[in-house]
Amino acid sequence: MYFGSVRFFKHVIVCVTILLIVIPCVVCVTLAVRLGETEDENRELKTEVSEYRQQGYRSEYSAEELFTLYKDSLQDKDGFLKLAREYDEEAFRDAAGTEAAVPAVKNTEPASETLTAIALDPADFEDEDDDTAEDDKPVTGARPAYEALYPELYANMPEELVYNADMDYVYLTFDDGPSKYTDSILEYLRVYGLKATFFVIPDGSEECAAKLRKIADEGHTIGIHTATHDYTKIYASVEAYLEDFKIAYDRVFDATGIRCKLFRFPGGSINDFNTEIRDDLIAEMNRRGFVYFDWNVDSGDALGATWTEMYNTVLKQTAAANRAVILMHDYNGGWNTVLVLEDIIKALISDKRGYKLDKLTEYVKPVQF
Ligand SMILES: [Zn+2]
């Protein structure tokens with residue numbers, strides 16, 4: 001009798017042992033193989049997403065649109081979309097990371113406010129205390145010698161000015177021009193009927209003067225940037241800065257007849273090169289009535305940002321600002337700026353928030369670090 005015999009129980013024990021060991025082993029091996037395949041697939045998908053982003057003008061397209069564009073060559077739609085979205089989130093996180101370097105300007109002021117204009121007559125400063133002078137300077141009674149320099153170098157500002165209410169306004173600004181790309185930038189602005197602001201580096205040549213006239217004739221704002229853009233030189237002293245500024249100011253005037261009121265410090269008002277003279281310099285430029293604009297959106301173009309980085313950063317930082325002053329560059333190394341400009345313009349003007357793109361004037365409350 002086999003059932004109930006010793007042999008039967010031996011066989012039962014052997015069978016149970018085999019089931020307990022072999023089945024889990026088989027399951028484990030199968031899962032491991034499957035997991036490996038999934039990882040490989042994920043890796044391939046990640047590469048695909050990255051490649052398609054590179055080819056397909058990236059975040060201009062949503063993940064779904066991207067899949068539609070490339071669906072013929074893709075099998076795993078869900079996987080692709082998931083990774084494409086992660087890719088976008090990463091890009092936005094990167095963009096947010098760079099934002100930390102650019103202090104956001106809180107726009108908590110009322111819609112409009114009246115400010116007393118800075119007095120412009122140099123004679124006024126002989127006997128009067130200047131509100132913008134630094135408190136921590138030794139009180140000697142003597143005015144700094146540089147106040148006497150260039151007695152005609154004053155901005156002709158209104159006696160009293162009321163800032164425009166400009167919530168959701170976006171100001172495109174281009175530094176360092178004119179360049180070989182100026183015409184292209186002007187063309188995009190013309191096509192979309194937009195006005196922008198150029199903080200220029202006039203070199204005194206006739207070619208440069210012609211481009212400055214074109215910028216002015218097309219209704220954009222010209223502001224002074226610098227004549228040399230040599231940080232070490234211009235920030236050596238207030239006198240050195242004024243000398244450089246005056247050269248640029250005169251060149252713009254000679255080319256266009258415009259006496260600029262706005263300017264942008266090379267490197268922004270707070271940079272590593274002007275720490276020694278910063279407070280005096282800002283006070284002196286304020287005293288002369290000139291208004292400087294920093295920025296609260298940095299396209300990163302001068303730092304070598306890619307098309308995608310520029311596009312994502314500009315849109316994200318603009319969305320975070322109540323009103324945005326966008327830093328871009330019009331310089332010979334700036335082909336990326338020209339490539340991305342139209343797409344940025346299109347995205348901004350079609351945004352549901354209803355951004356209004358305009359040029360800077362003295363009636364725009366300055367964005368300053
Ligand atoms: Zn610059």
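Leaving aside neighbours within four places in sequence, V325 is in contact with Y171, T173, F293, W295, N296, V297 and V367. Contact here requires C-beta atoms, placed from the backbone, within 7 Å of each other. The structure is a predicted model, in which local features need pLDDT of at least 70, side-chain atom pairs count only at pLDDT 80 or more, and totals for chains, interfaces and linings use all residues. Residues are numbered from 1 along each chain as its sequence is written.

Strands (E, at least two residues) and helices (H or I, at least four) are DSSP runs, numbered from the N terminus. In a regular strand the side chains alternate between the two faces of the sheet. Both faces of β9 are covered. A324, I326 and M328 are buried on one side, and V325, L327 and H329 on the other.

β9 pairs with β3 in the parallel sense, over six bridges. Pairing requires that DSSP finds at least two bridges between the strands. L172 stands opposite I326 in β9. Strand β8 (residues 297-298) also runs parallel to β9, joined by two bridges. Here V297 stands opposite I326. From β8 the chain crosses through helix α9 (residues 307-320) to β9, in a right-handed β-α-β crossover. Right-handed means that, with the strands pointing away from the viewer, the path from the first strand over the helix to the second runs clockwise.

The largest nonpolar core has 60 residues. Such a core is a set of buried Ala, Val, Leu, Ile, Met, Phe, Trp, Tyr and Cys residues joined through C-beta atoms within 7 Å. Y171, I224, V252, V297, V325 and I326 have the most contacts inside this core. Helix α7 (residues 238-256) gives the most to the core, with eight residues.

Helix α4 (residues 182-191) has T182, I185, L186 and L189 as its buried residues. They lie on the same side of α4 because they cover an arc of only 100° around the axis. The arc is that of the directions from the helix axis to the C-beta atoms. D183 and V191 are exposed on the other side. The cover over the buried residues of α4 includes β3 (169-177), α5 (206-217) and α10 (335-349). Just after α4, G193 takes a positive phi of about 65°.

Several loops show backbone features of note. The peptide bond from G177 to P178 is cis, with omega near -5°. P178 sits in the loop between β3 and α4. D168, not a glycine, has a positive phi of about 70°. D168 lies in the loop between β2 and β3, and is partly exposed, with 14 other C-beta atoms within 10 Å.

Overall, the protein has 10 helices and 10 strands. Of its 369 residues, 31% count as buried. The average pLDDT, the predictor's confidence in each residue from 0 to 100, is 81, and 69% of the residues score at least 70. Over residues 56-60 the pLDDT is below 50, and this stretch has 11 contacts beyond near neighbours in sequence. Residues 92-135 also stay under 50; the model has 59 contacts for them beyond four places in sequence.

Definitions and conventions:
A residue is buried if 20 or more other C-beta atoms lie within 10 Å of its own, exposed if 12 or fewer, and partly exposed in between; C-beta atoms are placed from the backbone. Two residues are in contact if their C-beta atoms, placed from the backbone, lie within 7 Å.
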